Amino acid sequence: MTKLLPNLKLFIFLIILSFLILGLDSLQVLNLIKKPIFYITNPISFGLYQTQQNLSRQFYFVFEARFAAQENKALKQQLVQLLSENAQLRKNLAETESLLSQASHLDPRTYNLLPVRPIGLGRYLKIDKGSSSGVKVGQAAVYNDNYVGKITAVSQNASNIQLLTDPDSKVAAFSQNLEGKAKGVLVGQFGTEILMDKILHEEQIAVSDLVYSEGTEGFLPRGLILGRVSQIMDRENETFKQAKVEPVFDIRDLDLVFVIVE
Amino acid sequence: MKTLILILIVIAFIETTILPLNLGLLILICRSYIKTEDKNLYLAFGFGLLISFLNLSPLGLLSLKYLGLVQLTQMLSTSPLAGRSILIIPISFVLLLFYHHNLQVVPKVIIESLLSLPILYFVKLWEERFIVRKEIKLRV
C-alpha cells in the first residue's frame, strides 16, 4: 500500500488541510490574511504585466516597422510605375494634341501627313519612321504651319531631317509685312542661325517679319512659316540685302512632327 | 529546494500575469515523475495556494487539484515503464486534461504536454547535477 500510494499520510493531511482552507475561505475568514498579502503581490503582478506590455509594444513596433519598410518599398515601385504610366499618358496626350492641331493647319484631305516622333537631335533631326512607313528622301517635315526640314536620309525604320539651320539647307522664301514683301533664299548657317539672302534693296523687309516658304522646290507647300526676321543687314556696296532669321519654335520642344508623304 | 521554491514563485507570477500556461504544475509533475518524496506534496500544496491566491480563486481548491495530480504522478512513476522520459508527454496530457476537465482547451493542453519533455530534462539535470546530497557514510 505504501509503495502504491507513497506518502499517503501526508497526502491525506494536506488534502484535509486544503479542504479546511477552502472552507474557511468560502466563509471569508481568510480575507484578513489575504488583504496584506495583496499589498505585496499586486505590485509584482502589475510590474510584470507592465513589462510584458512594454515588451510587446516594442516587438509590435519592430514588426510594424518591418511591415512598413516592405510596404514603403512596394509603394515606391508602384509610384515609379505610375510615374512612368503618367509620362506615357502625357506623351500620348501631347501627340494627340499635336495631331489635332496639325489637322487644323494643313488640311489632311490635301496633304497625306505621317506623324513621326523625334528620337534624336544632332546635325539632323532623327525620326522614328523610315521607308517601311513610306518616308522618302526629299519629303518635307512640318509642324502646324511651320516648316521643320527636309528628309535627307532614310533607313528601314528611321530617317534624318535636314533642318533649316543646316548649312546645306536652301529654301526659297519670302517675308511679308504691311508695306510689301521681300523674296530671297533661306540658307542655313552653322549653329542656330538662318540667313535670308538675295533680297533686293528695293524690297521691304523689317525685323520681326515672318518668313514663309515660296514653294518652288516642289516638295514644299507654299506659305509655311520658316522663321522670323531678327536682324537686317543692308549694305549699300553689296548687290543684295541679307536678313538673319530665327526659328519661331525650339525644335527640342516638339513631341511630334509630320512628314508630308504625298 | 530554496531555488526551486523561488523558481515556482516567479513562475506563479508569470503564469498568472503574462503567460497563461501551467508551467508550475508541469514542473511539479515532472519532479514527481523523477523523484517520489514528500516535498512534492508540500510544493503542490503551497504552489496551489499561491496560484489560487494570485488567480483570485477560492484558496485550497487548486491545492486539492495539484495534490491529486502530484500524487497520481508519483503513483505512475513507480510503474515499470516510468523509466522512459518520453512517457511524460502522454502522462502530462492526461493529467492536464483532468486538471482542466474541459475539451475546449485541448490545443493548450497539447502545447503544455509537449513542453513537459524539455521541462523534465531540465528538472532531471537540475536534480542530478545541482542538488547537493548527503555524504554517503561507508561502514568500515
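## Worked exercises on chains A and B

On the face of helix 1 of chain A turned away from its buried side lie the exposed residues Leu8(A), Lys9(A), Ile16(A) and Leu20(A). Helices (H or I, at least four residues) and strands (E, at least two) are DSSP runs, numbered from the N terminus.

The model is predicted: local features need pLDDT of at least 70 and side-chain atom pairs pLDDT 80 or more, while totals for chains, interfaces and linings use all residues. Residues are numbered from 1 along each chain as its sequence is written, and chains are lettered from A and ligands numbered from 1 in the order in which they are written.

### Exercise 1

Determine which residues of helix 1 of chain A are buried, and what covers them.

Solution. 
1. Helix 1 of chain A comprises residues 8–26, 19 residues in number, and reaches 27 Å from its first C-alpha to its last. This is close to the expected 27 Å, the expected span being 1.5 Å times one less than the number of residues.
2. The buried residues of this helix are Phe11(A), Leu14(A), Ser18(A), Ile21(A) and Asp25(A).

### Exercise 2

State how many residues each chain brings to the contact between chains A and B, and which element of chain A supplies the largest share of its side.

Solution. 
1. Chain A contributes 24 residues and chain B 22 residues, two residues being in contact if their C-beta atoms, placed from the backbone, lie within 7 Å.
2. On the side of chain A, helix 1 and helix 2 (31–105) each supply at least two residues.
3. The largest share, ten residues, comes from helix 1 of chain A.
4. By class, that side of chain A has 15 nonpolar, six polar and three charged residues. Ala, Val, Leu, Ile, Met, Phe, Trp, Tyr, Cys and Pro count as nonpolar, Asp, Glu, Lys and Arg as charged, and the others, Gly among them, as polar.

### Exercise 3

Describe how helix 1 and helix 3 of chain B cross, and which residues meet.

Solution. 
1. Chain B has six helices and zero strands.
2. The axes of helix 1 (residues 2–17) and helix 3 of chain B come within 10 Å and cross at roughly 35 degrees. Axes are lines fitted to C-alpha atoms, for helices over the stretch in contact, with angles from 0 to 180 degrees between N-to-C directions.
3. The crossing is right-handed, that is, the near helix is turned clockwise from the far one by less than a right angle.
4. Leu8(B), Ile9(B), Ala12(B), Phe13(B) and Thr16(B) of helix 1 meet Leu43(B), Phe47(B), Leu50(B), Ile51(B) and Leu54(B) of helix 3.
5. The residues of this contact divide into nine nonpolar, one polar and no charged.

### Exercise 4

Locate Gln28(A) and Lys198(A), and classify the exposure of Gln28(A) and of Lys198(A).

Solution. 
1. Most residues other than glycine have a negative phi.
2. Gln28(A) has a positive phi near 60 degrees and is found in the loop between helix 1 and helix 2 of chain A. Gln28(A) counts as exposed because 9 C-beta neighbours lie inside 10 Å.
3. Lys198(A) also has a positive phi near 60 degrees and lies in strand 9 (residues 194–199) of chain A. Lys198(A) counts as partly exposed because 16 C-beta neighbours lie inside 10 Å.

Key:
A residue is buried if 20 or more other C-beta atoms lie within 10 Å of its own, exposed if 12 or fewer, and partly exposed in between; C-beta atoms are placed from the backbone.
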